[in-house]
Amino acid sequence: MTIKNNIDREKERFFKLKDKKYDLENNQIFFYKPFNLSTQENFHQFLYFKRLLGCLSYDIVIRDDEPLQIEDYVYNYHNLFHYEISNLDRINMGKDRVSGIHGFYSPMFHDRNFEPEYNGMLDEARVAIHEWITRTSIFSTFKALNWIIWLASIRVNPMLVIVDHTKSIKEYNGDKLFDLENNQKLNLYNFLQNFI
């Protein structure tokens, strides 16, 4: 599978998901979803603008001058964020214990198909907060604020999510997936870890 096919597949999955209504509690449907100006028609124009503000979600991760591959999948940063979070402890987000990858099925992260444990939007909210904390930029700050508003609108305390997620990074003892020293020196994690 080529890098371009992998990115196209991810874009297609994203645009299918973003137009659905999400059911977080048995029969309750939430109509609010995070604000997004990007559509399939203007995707590339907004991608250029997002990159100017520091967006790296669609960029292929390069390690040792090669695209990062995990089990034959080429990873962009958005996929890497899901992967990094999946190696951390789960955190409470409302009534759910969110792992970063169990609100949706993807062959990139799972060996077999399964019924999602919770709403996949919670995984996306945690990814946005993770990106903001570990790769702080103007774009990741606006993106995180957008998801923080969404979390508050569904009665999930976003401040607890930020604290719990920061603790999960701090307590992580595995291989250093994050490579935080190679990221921006002024990322939010370097500040928060002193207080949490």
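Which residues touch the most other members of the largest nonpolar core? Among its 26 residues, those are M93, L122, I133, W150 and L151. This is a predicted model, in which local features need pLDDT of at least 70, side-chain atom pairs count only at pLDDT 80 or more, and totals for chains, interfaces and linings use all residues. Residues are numbered from 1 along each chain as its sequence is written, and side-chain values use heavy atoms, with hydrogens and water left out.

**View 1. The whole chain.** Let's start with the overall picture. The protein chain has seven helices and eight strands (DSSP runs numbered from the N terminus: H or I of at least four residues for helices, E of at least two for strands). Of its 196 residues, 47% are buried, meaning under 20% relative accessible area, while exposed is over 50% and partly exposed is in between (1.4 Å probe, protein chains only).

**View 2. The largest nonpolar core.** Here we're looking at a nonpolar core, that is, a set of buried Ala, Val, Leu, Ile, Met, Phe, Trp, Tyr and Cys residues joined through side-chain atoms within 4.5 Å. Its 26 residues include W150 and L151. Two or more residues each come from β7 (91-93), α4, α5 (138-153), α6 and α7 (188-192). Helix α4 gives the largest share, seven residues. There's also a second, separate core of 15 residues, with I70, L80, F104 and M108 among them.

**View 3. Helix α4 against helix α6.** Zoom in on α4 (residues 120-134) and α6 (residues 158-170). R126, I129, H130, W132, I133 and T134 of α4 meet V161, I162, H165, T166, S168 and I169 of α6 (contact means heavy atoms within 4.5 Å). Sorted by type, the residues of this contact are six nonpolar, five polar and one charged; Ala, Val, Leu, Ile, Met, Phe, Trp, Tyr, Cys and Pro count as nonpolar, Asp, Glu, Lys and Arg as charged, and the others, Gly among them, as polar.

**View 4. S137 in its loop.** S137 sits in the loop between α4 and α5. With a relative accessible area of 12%, S137 is buried. Setting aside neighbours within four places in sequence, S137 is in contact with L53 and G54.

**View 5. Two loop residues with positive phi.** D65 isn't a glycine, yet has a positive phi of about 65 degrees. Look for D65 in the loop between β3 (62-63) and β4 (66-67), where D65 counts as exposed at 73% relative accessibility. E71, also not a glycine, has a positive phi near 50 degrees. The loop between β5 (69-70) and β6 (73-74) holds E71, which is exposed with a relative accessible area of 63%.

Terms used:
Axes are lines fitted to C-alpha atoms, for helices over the stretch in contact, and angles run from 0 to 180 degrees between N-to-C directions.
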